[in-house]
Amino acid sequence: MAKGSVPAIFIDGEAGTTGLGIRQRLEALPGIALRSIDPAQRKDPEAKRALMAEVDLVVLCLPDEAAKESAAMAASLGADAPKLLDASTAHRVHPDWAYGFPELSAAQAAAVAASPRVSNPGCYPTGGIALLRPLVDAGLIPADHPITVNAVSGYSGGGKAMIEAYEGGTAPAFELYGLGLEHKHLPELQLYSGLTRRPIFVPSVGNYRQGMLVSIPLHLDTLPGNPAPEDLRAALAAHYEGSPWVRVVPAPANGKLEPEALNDTNGLELRVFGNAARHQAVLVARLDNLGKGASAAAVQNIGLMLGLEQAARQAA
């Protein structure tokens with residue numbers, strides 16, 4: 001598997017929020033060698049290409065176009081090509097890349113482990129897909145059902161400019177965005193949820209650093225068989241039974257939920273808030289947009305790709 005006795009990893013774009021998070025987690029793992037490019041050669045393609053040839057896995061923490069260029073560079077190495085984990089949006093619906101949500105189905109963890117190219121999921125889709133896919137597979141939600149996904153994230157997922165605006169006190173306390181209904185996470189959200197009808201996705205950002213809630217309202221009497229909220233909860237619980245990271249937990253009696261409880265973890269919590277008498281439910285996922293939504297999920301995938309799953313569990 002490894003080119004040397006110890007697997008070597010290069011994070012291409014390690015200075016960004018996700019790259020830093022991945023590096024910090026990997027530094028806590030035994031049996032991994034982290035390699036970095038000389039800052040003076042950061043923009044030298046030949047230096048990068050040479051480093052890629054020396055390592056076992058490259059993590060791409062880059063803008064989409066740069067990620068495509070680095071992926072092509074790695075592919076040009078032939079037999080010396082490293083495995084790739086792409087944290088950008090560039091390859092998330094590409095048929096030649098495995099989707100890095102191991103909990104997606106019974107076979108997905110093995111698919112991630114076997115693939116030389118894995119695309120790390122987006123933070124919002126992680127929550128939405130985790131809620132929808134088991135219910136679509138179980139026939140409780142038809143694939144063509146009209147779905148709306150609402151979500152709120154801490155500002156750390158919005159990039160350098162947004163982080164500076166919030167930490168500088170110039171950003172609003174809360175705002176909706178993506179209201180052109182063309183958010184870049186929509187293709188993967190639809191594809192891996194198993195939906196044939198494009199969902200409506202309404203993201204938002206709040207004045208707190210990290211943490212995320214993804215919610216999906218449902219009129220139960222529009223679904224086949226008019227399922228009860230408990231039917232939805234049971235299907236989710238059956239799908240994720242035994243998962244170390246995804247838990248289906250009871251909805252709090254007070255009908256409230258805050259977004260920050262899972263910060264700095266690889267945890268994902270799913271809840272079904274329901275009113276059986278009104279035939280209504282709201283599915284809610286809680287996760288850390290920087291954890292299970294980014295760097296912790298990446299470490300989980302790296303563990304699978306390099307056969308270091310137990311070590312990845314310890315770090316994430």
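Two strands are taken to pair if DSSP finds at least two bridges between them. In this predicted model, strand β4 (residues 83-86) and strand β6 (residues 117-119) run parallel and are joined by 3 bridges, and Asp-86 has Ser-119 of β6 as its bridge partner. Both strands belong to an open sheet of 6 strands, ordered β2-β1-β3-β4-β6-β5, with parallel pairing. Because β2 and β5 each have a single partner strand, one side of each is left without a neighbour in the sheet. Helix α9 (residues 291-305) packs on this sheet, where α9 touches β1, β3, β4 and β6, and its direction makes about 165° with that of β4.

The largest nonpolar core holds 39 residues, of which Leu-218, Leu-232 and Leu-270 touch the most other members. Elements giving two or more residues to this core include β7, β10, β12 and β13, while the largest share, 8 residues, comes from α5. Leu-270 touches, among others, Ala-130 and Leu-131, as well as Val-284 and Ala-285. Apart from this core lies another, of 21 residues, among them Leu-57, Cys-61, Ala-98 and Met-305.

Helix α5 is mostly covered, with 14 of its 15 residues buried, and a kink of about 35° is centred on Ile-129. Just after α5, Gly-139 takes a positive phi of about 80°. The span of α5 can be checked against its residue count, as tabulated here.

Methods:
Residues are numbered from 1 along each chain as its sequence is written. This is a predicted model: local features need pLDDT of at least 70, side-chain atom pairs count only at pLDDT 80 or more; totals for chains, interfaces and linings use all residues. Side-chain values use heavy atoms; hydrogens and water are left out. A nonpolar core is a set of buried Ala, Val, Leu, Ile, Met, Phe, Trp, Tyr and Cys residues joined through side-chain atoms within 4.5 Å. Buried means under 20% relative accessible area, exposed over 50%, partly exposed in between (1.4 Å probe, protein chains only). Helices (H or I, at least four residues) and strands (E, at least two) are DSSP runs, numbered from the N terminus. Contact means heavy atoms within 4.5 Å. The bend at a residue is the angle between axes fitted to the seven residues ending there and the seven starting there. Axes are lines fitted to C-alpha atoms, for helices over the stretch in contact, and angles run from 0 to 180 degrees between N-to-C directions. Lists of a residue's contacts leave out its neighbours within four places in sequence.
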